2 protein chains.
Amino acid sequence: MVNETQHSCNASSSSRSDGGSSSGSESSKDNSRCSTPVLDADRHERLREKMRRRQDAGDKWFSLEFFPPRTANAAVNLISRFDRMGAGGPLFIDVTWHPAGDPGSDKETSSMIIANTAVNYCGLETILHMTCCNQTKDDITGHLQKAKRLGLKNIMALRGDPAGEEWEEEVDGFNYAVDLVKHIRHEFDDYFDICVAGYPKGHPEAESYEADLRHLKEKVFAGADFIITQLFFRPETFLKFMKDCQAIGITCPIIPGIFPIQGYHSLRQLVKLSKLEVPQEIKDVIEPIKDNDAAIRNYGVELAVSMCRELLDSGMVHGLHFYTLNREVATTEVLKRLGLWKEDPRRPLPWAVSAHPKRRVEDVRPIFWASRPKSYIYRTQEWDDFPNGRWGNSSSPAFGELKDYYLFYLKSKSPREELLKMWGEELTGEESVFEVFTCYITGEPNRNGYKVTCMPWNDDPLATETNLLKDELEKVNRRGILTINSQPNINGKPSTDPIVGWGPSGGYVFQKAYLEFFTSSEIVTALLKVLKKYELRVNYHIVNVKGQNITNAPDLQPNAVTWGIFPGREIIQPTVVDPVSFLSWKDEAFALWIEQWAKLYEEESPSRMIIQYIHDNYYLVNLVDNDFPLENCLWQVVEDTFELLN
Amino acid sequence: MVNETQHSCNASSSSRSDGGSSSGSESSKDNSRCSTPVLDADRHERLREKMRRRQDAGDKWFSLEFFPPRTANAAVNLISRFDRMGAGGPLFIDVTWHPAGDPGSDKETSSMIIANTAVNYCGLETILHMTCCNQTKDDITGHLQKAKRLGLKNIMALRGDPAGEEWEEEVDGFNYAVDLVKHIRHEFDDYFDICVAGYPKGHPEAESYEADLRHLKEKVFAGADFIITQLFFRPETFLKFMKDCQAIGITCPIIPGIFPIQGYHSLRQLVKLSKLEVPQEIKDVIEPIKDNDAAIRNYGVELAVSMCRELLDSGMVHGLHFYTLNREVATTEVLKRLGLWKEDPRRPLPWAVSAHPKRRVEDVRPIFWASRPKSYIYRTQEWDDFPNGRWGNSSSPAFGELKDYYLFYLKSKSPREELLKMWGEELTGEESVFEVFTCYITGEPNRNGYKVTCMPWNDDPLATETNLLKDELEKVNRRGILTINSQPNINGKPSTDPIVGWGPSGGYVFQKAYLEFFTSSEIVTALLKVLKKYELRVNYHIVNVKGQNITNAPDLQPNAVTWGIFPGREIIQPTVVDPVSFLSWKDEAFALWIEQWAKLYEEESPSRMIIQYIHDNYYLVNLVDNDFPLENCLWQVVEDTFELLN
């Protein structure tokens, strides 16, 4: 009878045996289950395990390759692209290694720092390429140690292009990718997942196709976990290669590298570098339209879609690797047409989870950084433990100071001129600031006809969820309650709700209403009188730049404002209003007035002095309505405040 | 403006300054707030702080004195009395020290073990008396170390009665209580709260009333935190004493000891021991009715009530200490008439919190031990950390084996003869067992006319909450689904709900429906088929005595089944269904069939073999309906199962 059932697990073991009737009456002294909640199994797996699981489940997946940018501005844009393309659900991205560009350095354009940003700030599983020729063992080890320190877990081990034309093997040096694979396994054991390159047509420098297959096998046997191939133009090229690999005993995953042709020039350059030949049937199409970029891209998309379909239909291919050339349109279109692009990605938590292995248990954050998650990650990067289950469990979390407002991954995407158009070339008083806030909320153009699409505290347009509160927010901003963060109350919506849902399906999500704003001391005086009426219902924290702090929070305890109840799980409470962290946040929130806004204007200019005045005299206020099943009372609190003032 | 507000706290300090406008823009590097949630401030305070807080709040309180019992059976009864009288809400209880009864030993009747049981198993703040004369320093230190190890935090330091008639001071020995006070402070610093005795009429052996007051002052200045007085018969005796104490500079709390006269004999004995004189007006009333116990008790209650009222009305008295003589009726009545007895005590958590300081952060437990909390405490007494916030955070909790089913605090209150009447002198088959379960649920007498008021898994009658499920439970028990634990689903009832509420007011409590039962393998086979239909909604664990275990719990994760949302707090989830702990529980649950039931019958007797058969062949099943906002589906699951069987 027991054999009919699906899962069966033994008392003292966490492994499941399907349909088993394992017995063991011993009590569970050595309980080896995971001691942290696994809302998304993903987070606790290494890349090769994710690949295997997706393959076992019959799930097709894709990955994206990027190269490091040349300039700091391009780096800012690339990070935005990571965020946008990350939303489509790649299994991983990879970042190429440019030996000429000081790839292991701390420059914002280095391969290392771009990969670091992808992992830590964009939450993307990332493979860092690394080449080995013309480098010393110590260099390589140094790079690998740094990668490990930064939370990178995957390396694509490559030989790279030898420096001189007349390259000769060095004795005991890194002459081939296999040397790098061996070195990684020797020095770092099983820490990294290792990827190696496969050449469906054989490496151009190999004696023969067969010899190249043998080299590939060596790389795999030296410890590589999977293979990504060089680009190719015909599906049969890849399928033959894959069969040949299997025939000589290569059993690890082999992922085809897909190159959607995006322009005549880039195709020619790539072909030159890769020493591949473009098939005549492709040349025949492209040559006549070589000056028509759109036509070439359309053709490239068609070609890629049909090739990918054939690969997937073969049943041998489970994932596709895209050479994006750092561009979005073509790859995204191919993926959408293949049905691989996630239109509505399920969020495991209300905020984007960082991919650093140290943060894998993290599941609580203060709500204050909701619109500045990268800043939160930056300021907490030195933490040894991340709050898990309960914020209050983490002892004395100290936030790093935020002084580097211009770190590229924290920087506004918009240049100064654009910001001035949005926030005003010239401010005439506090009211003109109220107007900017109001335009940001409504989406209406400002008096000069420009839409306000970002604010110092919000780099992106209003969240869908905040839209639920739009009318109320507009009203209060017009009158000088300058809102920077808010959420509606939610009393048990399904976890699959498209707007407020998160976590696995079958659950229910809840929120307490939250409102955070800057406002003048006159309004604060009235607000405090009004709040007396709401004493048991509304928790408040009111602070100015000097740290004067007024609160009714009991014992400085955090207040959970977002939580979810899921089948078979403990309760997840991913956002809290934490009185202690609020004081770290207020330093940042006040500084943004100056760093992002006031500094747009000349020193001593009236515009700058207006912002400085607000910075010096306004209060930062947050309000929580604890009575989540009832109608949100915070609007009434604000209404009462205005009434008292009149 | 800021000065109008109530609470104000500085960035880097957890202390509040009322109405303050302290400033500090430093970010909170040293956050000294309590890192655990304080649902009940009480739990984190020492006794003297609780006393002070109650006094500041104008709350009147009471405490209860007990002496250690003479026999093991009396100990069982005393523990039940602790549970019942604890429900009335004493600030503390105290346990006297009987030098002749080996008071520091591990015997179940020793002062030490009774106090240990009160603290750890009944969750009562407890003072252990300790006398010092005729004892060595090492003895005393040993007792104190043991008390500390057991989690006792309060000592009543007494001299005790010298052994011989001709007592002489020992040089360097413990001659007076003050020596013990000094010793405790010297050896244990501030660990213990220390209480000393005060004599409103002066100690019988003191040279004078004034000399005795001076001795009392010495005790206080040596480190005593508060004073409990010897009994007295007239309120003015106490009030004068208190004024005299204050006049010589004794400022600590002085708690009047109240002795409700409960019988002629006990009064005479006490008077003899205490060398007090009974006032003539009392003698005049009592002598004529000395053979009428009820009349004396009534008079005693009247007298105590009127004396207590006078004391409380004086405004000088905030707490009353009752000499219970281990009896309930008179003291309870006095307290009820004074309005000090808590009729509906608010529960800080759904289960009774242990008073051991090591467990003060504990706020999660598996639901399985809901009706056997003392067994849970016993089996987890060796834990270094207690789960807090999330069960899954505690790594590999190993449960101690439960072999000592006859430990007095785990023992059934009913003797064998009574159990046989309830559970059947002779069983004729599994059906007679079904009948016992059904009678326990319905409260109807069994076929022999006896009510079944306890079961091996439940020492008390059905909980009020379980009554909500009575009809359904009756139906299923009749048919062989032998329920031992259950709770209804709750979708956000106020935390003040008289039946399911717990925690501070202003919150909301939730539950997932839970059902736990023993049943035959035939029913399990059908149940498993039915459960397939409910796969995503219902989590199940099904196990037999051999440890064969069938579950659909994801990754062995715990499932929160009771949780509460409170103003300004993180979420509290005090009960979980934990797959790993369930296997420790099942050993206990199956063993109770044998230890508590089968062993009532002769070996080889048919009755014993029936219970043994159930033990060997039945399964223990638990079911959770994850969809708490919908109607509980577990009854439908059971219904479907019976239908499938027909």
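In α7(A), the buried residues are A:Pro235, A:Thr237, A:Phe238, A:Leu239, A:Phe241, A:Met242 and A:Cys245; buried means under 20% relative accessible area with a 1.4 Å probe, counting protein chains only. This is a predicted model, where local features need pLDDT of at least 70, side-chain atom pairs count only at pLDDT 80 or more, and totals for chains, interfaces and linings use all residues. Residues are numbered from 1 along each chain as its sequence is written, chains are lettered from A in the order in which they are written, and side-chain values use heavy atoms, without hydrogens and water.

What do those buried residues of α7(A) pack against? Their partners in chain A are β5 (193-198), α6 (209-221), β6 (226-231), β7 (254-258) and α10 (293-313), with contact meaning heavy atoms within 4.5 Å. Helix α7 itself covers residues 235-247 of chain A, and its 13 residues reach 18 Å from first C-alpha to last, close to the 18 Å expected at 1.5 Å a residue (that is, 1.5 Å times one less than the number of residues). After α7(A) comes A:Gly249, with a positive phi near 100°.

Now for the whole chain. Chain A holds 20 helices and 18 strands, assigned as DSSP runs (H or I, at least four residues, for helices; E, at least two, for strands) and numbered from the N terminus. Buried residues account for 60% of its 646 residues. Of the contacts in chain A between residues at least 6 apart in sequence, 71% join residues at least 24 apart. The C-alpha atoms of chain A fill a box of roughly 85 × 75 × 45 Å along the principal axes.

Technical notes:
Buried < 20%, exposed > 50% of the residue type's maximum accessible area, 1.4 Å probe, protein only.
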